[in-house]
Amino acid sequence: MRSGVFIGVDLGASLKRKSTGLAYLVEKNGKPRIETRPVHIKSEDELIHSSIANMAENFDSRIVAIDAPLSRPLHGSMRECEKRLRKHGIPCFPSGARW
């Protein structure tokens, strides 16, 4: 069993591509390193879940970061889910920010 892994998930919202990108970093000699090329898979819940589980199965600890909001706020710069995350002390970037 290896120590830890950081998995990045970029959910695909494009109607044409409908693909989700996955990549992971592991620590080697005190530095984060990508071991394999990022992969793109079909954006289906079960496939995304099983792909993340497969990437993480050989590690003692796992951190999964999910990006790419699938909607924009109707008013202001923050969606309801972003407001709730912030209330729980979880930092996030507003999806409606103009920067």
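**Note on the predicted model: salt bridges, strands and a surface patch**

1. Arg 79 is buried, since its relative accessibility is 16%. That is under the 20% cut-off for the buried class. Its salt-bridge partner is Glu 82, with 3.2 Å from N to O. Glu 82 is buried as well, at 3% relative accessibility.

2. This is a predicted model. Mean pLDDT for the protein is 81. Of its residues, 86% reach 70 or more. Among the elements, helix α1 (residues 45-56) has the highest mean pLDDT, 91. Strand β3 (residues 31-34) has the lowest, 80.

3. How many salt bridges does a search of the whole structure find? The count is 3. Besides the pair in point 1, Glu 80 bonds with Arg 84 in a salt bridge, and their closest N and O atoms are 3.4 Å apart. Both residues sit in helix α2 (residues 80-87). They are 4 residues apart, so about one helical turn separates them. Glu 80 is partly exposed at 45% relative accessible area. Arg 84 is exposed at 54%.

4. Lys 42 and Glu 44 form another salt bridge. The closest N and O atoms are 3.3 Å apart. Lys 42 is exposed, with 53% relative accessible area. Glu 44 is partly exposed, at 38%.

5. Now the strands. β1 (residues 2-10) pairs with β5 (residues 59-67) in the parallel sense, over 8 bridges. β1 also joins β2 (residues 19-28), here through 6 bridges and antiparallel. Phe 6 has a partner in each of these strands. Its bridge partner in β5 is Ile 63. In β2, Leu 25 stands opposite Phe 6.

6. Which residues form the nonpolar patch on the surface? They are Phe 6, Leu 25, Ile 34 and Ile 63. Together they have about 340 Å² of accessible area. Ile 34 comes from strand β3. Ile 34 is partly exposed, because its relative accessibility is 46%. Note that β3 is the element with the lowest mean pLDDT.

7. Is Gly 21 buried or exposed? Gly 21 is buried, with 12% relative accessible area. This residue lies in strand β2. Leaving aside neighbours within four places in sequence, Gly 21 contacts Gly 8, Val 9, Asp 10, Val 39 and His 40. The C-alpha atoms of Gly 21 and His 40 are 4.4 Å apart. Along the chain, 19 residues separate this pair.

Note on methods. Residues numbered from 1 in each chain as written. Predicted model: local features only at pLDDT ≥ 70, side-chain atom pairs only at ≥ 80, totals over all residues. Heavy atoms only, no water. Pairing = 2+ DSSP bridges. Helix = DSSP H or I, 4+ residues; strand = E, 2+ residues; numbered from the N terminus. pLDDT = per-residue confidence, 0-100. Patch = residues over 30% accessible without salt bridge, like charges linked within 9 Å, V, L, I, M, F, W, Y side chains within 5 Å. Areas by Shrake-Rupley, 256 points an atom, 1.4 Å probe, with all protein chains shown as cover. Salt bridge = Lys/Arg side-chain N within 4 Å of Asp/Glu carboxyl O. Buried < 20%, exposed > 50% of the residue type's maximum accessible area, 1.4 Å probe, protein only. Contact = heavy atoms within 4.5 Å.
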